[in-house]
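Please read the following account with the sequence and the three-dimensional view side by side. It goes through the sheets, the helices packed on them and a few loop residues in turn.

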Amino acid sequence: MSQINMAQQAAEQPLQHLTLNKWFSYSGGVFTPLNYIPNKALGLFSIAFAGDFEEKHIVSIIDFLATHNQTVSAICQYQPDLGLAPALCFYVQNSDQAINPLVLQEFSNTLDCQLVQVATAPNLYEPGLLVMDMDSTAITIECIDEIARLADVYDEVASVTALAMAGKLDFSESLNQRVAKLAGIEKSLIEELKSVLPLMPGIKVLCQILKQHDWYLAIASGGFVPFAERVQELINLDEVHANVLEFKDDKLTGKVLGTIVDAQQKAIILESLQHKLGLEKSQTVAIGDGANDLVMMAKAGLGVAVHGKPKVVEQAQAAICEGSLLQLLYMLAIPLENEPAL
C-alpha cells in the first residue's frame, strides 16, 4: 500500500482502539502501547479537548507541534468525568517552552476543538487549591454593571469595566470611579440581584468534584462581598475575598471600604492560602477572565484564562475559550499515575 493510501486510511479510522488512560506511541499510522508513564516533572503536555477526534486530528496536532520543535513521544486518550467527552494528551519530553496560547487557539479553531499546554500538571487526586475570580468566571455577569443598570448608568459604568478588564485602566482607580456612580442605590435592589446570580456552566459540578478530592476552594474577586457570599453558598466554597460596599440609610454611598481586592491583593490571597494549607505550588490553580487576574494566575502552579480577553489568554498558561468550566478537569487529571477509574 502506498504511503498516501496509508495516510488516507489512517485519517478515516476512529480512535476506539485507543484504550482510555493508557499511553501509546504513534508512528506510520500504528499505535503501540507503552510500558511506561510520562514523567510529569519533565516536558509539556498538550491537551486537545471539546472536539470530535479522529486519527487525522492526531496527525495534524503532531505535525503542528513539530513545526514548533516539539516532538511527540506519547499519546493518551482519557476522560476525567462522565460529563466530559474524551480528550487527547500529547507528551513532549524534549521541550519545556510552551507555545503562545493565542497561537494554540488559532490552530485548534481549524480542528474545531480546544488545545492547551501544561507543564507540571496539578494532580486532581491529591489535595489542592483553586482560587477563582467571580465576575465573568464563577458567574456569567459583571455584578457592578448589573447594579449600574439599576442606577441607569449602565453604559457609562460598563465601558469603564471593559477598559479595566482589558488592562487599559488601573483597576483600583476604575473601581472607585464606577462605584461613585452607584450612590443612592437601595440595598433591597442589591439583595434582589444577589438572589438571581447566574452561575457559569460547569462551575458547580467542578467544585463538587474538587471537594471530593480534598481541594480548598476560594474566591478572590474585585467584585463585592454580598455577591461573593451568595456564590459561596451556591457552590460550597471554603472562603471568599471581595470588596466591601458602604451603605448609609440602606443606600449605597458610592464608596468602597477597606483594602481593595486588586491584582496584587488577589496574588497575596493565593500565596497566603497556599502557605496556610502547606501545599506545593504545583497543586495551586487560579482561574479568571480579566487583566486583574494575571498576577494571581502567574503565582499559581497553573493559571487558566476562562473565556478571557485576548491579553489574558496570551499571558495565561492555558485557556478555556468556550464551553463548560468542568473542562478544567482535563488539566488536572492527566493519567500520569494509577488513578481511580471512572
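In β5, Tyr-91 is the bridge partner of Phe-45. This pair belongs to the link between strand β3 (residues 44-49) and strand β5 (residues 87-92), which run antiparallel and are joined by 5 bridges. The model is a predicted one, in which local features need pLDDT of at least 70 and side-chain atom pairs count only at pLDDT 80 or more, while totals for chains, interfaces and linings use all residues. Residues are numbered from 1 along each chain as its sequence is written, and side-chain values use heavy atoms, with hydrogens and water left out. The element names follow DSSP runs numbered from the N terminus, with helices being H or I of at least four residues and strands being E of at least two; two strands pair if DSSP finds at least two bridges between them.

The sheet that holds this pair is open and is formed by 6 strands in the order β2-β1-β4-β5-β3-β6, with antiparallel pairing. Its edge strands are β2 (30-33) and β6 (114-118), each of which pairs on one side only. From one strand to the next the twist averages 30 degrees, where angles run from 0 to 180 degrees between N-to-C directions and axes are lines fitted to C-alpha atoms, for helices over the stretch in contact. Helix α2 (residues 55-67) packs on this sheet, touching β1 (23-27), β2, β3, β4 (72-78), β5 and β6, and its direction makes about 30 degrees with that of β5; contact here means heavy atoms within 4.5 Å.

Helix α2 also packs against helix α3 (residues 101-110), at an angle of about 150 degrees and with the axes 12 Å apart. The two helices α2 and α3 are therefore roughly antiparallel to each other, given that angles under 35 degrees count as roughly parallel, over 145 as roughly antiparallel, 65 to 115 as roughly perpendicular and the rest as oblique. The contact is made by Ser-60, Ile-61 and Phe-64 of α2 and by Val-103, Leu-104 and Phe-107 of α3. These residues divide into 5 nonpolar, 1 polar and no charged, where Ala, Val, Leu, Ile, Met, Phe, Trp, Tyr, Cys and Pro count as nonpolar, Asp, Glu, Lys and Arg as charged, and the others, Gly among them, as polar.

The bridge partner of Ile-287 in β12 is Val-304, and that of Ala-286 is Gly-303.

Gly-184 lies in the loop between α6 and α7 (187-194) and counts as partly exposed, at 39% relative accessibility. Leaving aside neighbours within four places in sequence, Gly-184 is in contact with Lys-251 and Leu-252; the C-alpha atoms of Gly-184 and Leu-252 are separated by 5.2 Å, although the two residues are 68 residues apart along the chain. Asp-249, in the loop between β9 and β10, has a phi near 55 degrees, a positive value in a residue other than glycine, and is exposed, with a relative accessible area of 70%. Thr-120, in the loop between β6 and β7, has a positive phi of about 45 degrees although it is not a glycine, and at 33% relative accessibility Thr-120 counts as partly exposed.

Key: Buried means under 20% relative accessible area, exposed over 50%, partly exposed in between (1.4 Å probe, protein chains only).
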